[in-house]
Amino acid sequence: MFWIISLILLALAALFVLLPLWKHYRPLTDSEQLRTQTNLTIFEERQNELKLELENGNLDPAQFDELVLELKKSLLSDTANAAGSGKSLHGHKQKQGAHEPGGKSDNLTKALPLIMVLLIPLVTYLMYEQWGYLDDVQLMDLYERTIASDNNQQESRDLVIELGRVVQQDESNQWAWYFLGRNFSNLGMFGEADIAFQRASDLMPDGPDKAATLGLQAQIKYLVAGGEMTEEVLSVVGEARAINPSENASLQLLSVDAEMQGDLQAAIGYWRLMIQSNPNSAQAQQLRGRIAAAQQQLAAEGADATQAGPSIDVSVALEPGLELPSGMRVFVSARNAEQEGTPPLAAIDLVVDDLPATVTLDNNLALTPAFNLSSAQRVYVTATVSRTGSATVQPGDYRVASDSFSVSEANDAIALTISLSDIVR
């Protein structure tokens, strides 16, 4: 499809050159030739008359030049209307010796546009190969086939071979590694998929794509570990959710494990986060039904359906006058004040369009089950407006932080106001 569209565009570009060229150099019809020759004869006769008037002293040189100029303008207008923008004048001058014998200059003038048209495809291809994304275009078919081959193992085997050749030629192609991992997963080759996803995530910058790749890698590690939430699995989940707290594959894994462990309260918390990231999806509708069923089960068992543990209300707003682009992501998190550099204890993401807003941080929003608000004595909360969509703070982001406080004493809402002075340098 890419090449078909490219050829169509190249053909259209060529027409912009060839059509005017054809109009300019096409042979004149008999009537056009007759009219042009008549105009030239009249011009020469009138010019001779003006020369005679000048010689007889009836015109001064200035008047003569002005009248000759008017004659030339009239002739150009008539010949252009007759046949092709004054090309007959061009031919008339050539007869008078304005060009070299044999018309070499005229032939070059005709050939140059044709040469340029022929060079357009070649130069375009060479420039795109040098500065474009030709390799990605050529690989797009492999990527689309991967997405469509989830239930076709033979297709997945073929794609593993083709994508394997790609990464052998270019080990820095992050998307080739990613789709190679997808196909390994389809074939049940989880060890190979783990390696492929790891290579892909290592090559990706922090952002939603990297978080999604890490989420898939965490699921693979979980399967390799026999369905156990090992420290290695939790580490990858924490890495994914540190970039994107709402990363879907990680939340799916955490909710499945919580449900298998009989911790319905934790599972409900993860399901709510998944609903929040895409509330109108079919998955969200299904999860709402599961939450209702889990709450009924908890009520029948006499258990509280809410998550036990501390909670912190955080009010986030933009400073009056600060205008930020619609859709920019806002990450609100609580961090351990006594262990700098560790992942958030609880995190949630919004968009600037939601502000001002008040959110509640609790153990439901922990990135990993064991590392939550209950595990800390003193915390502080932050709000980050991300320029890139990643929770990892980068230059150009806006970030504001509260003072530290005791988790047990967090009664009133913590107010965070994002201002122009909070931009990260």
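A residue is called buried when its relative accessible area is under 20%, exposed when over 50%, and partly exposed in between, using a 1.4 Å probe and protein chains only. The model is predicted, so local features need pLDDT of at least 70 and side-chain atom pairs count only at pLDDT 80 or more, while totals for chains, interfaces and linings use all residues. Residues are numbered from 1 along each chain as its sequence is written, and side-chain values use heavy atoms, with hydrogens and water left out.

Select Asn 363 to begin, in the loop between β4 (357-362) and β5 (378-386); strands are DSSP runs of E with at least two residues, and helices are runs of H or I with at least four, numbered from the N terminus. Because its relative accessibility is 10%, Asn 363 counts as buried.

Next select Ala 391, which is in the loop between β5 and β6 (398-401) and which, at 15% relative accessibility, also counts as buried. Leaving aside residues up to four places away in sequence, Ala 391 touches Ala 242, Ile 243, Pro 245 and Phe 331, where contact means heavy atoms within 4.5 Å.
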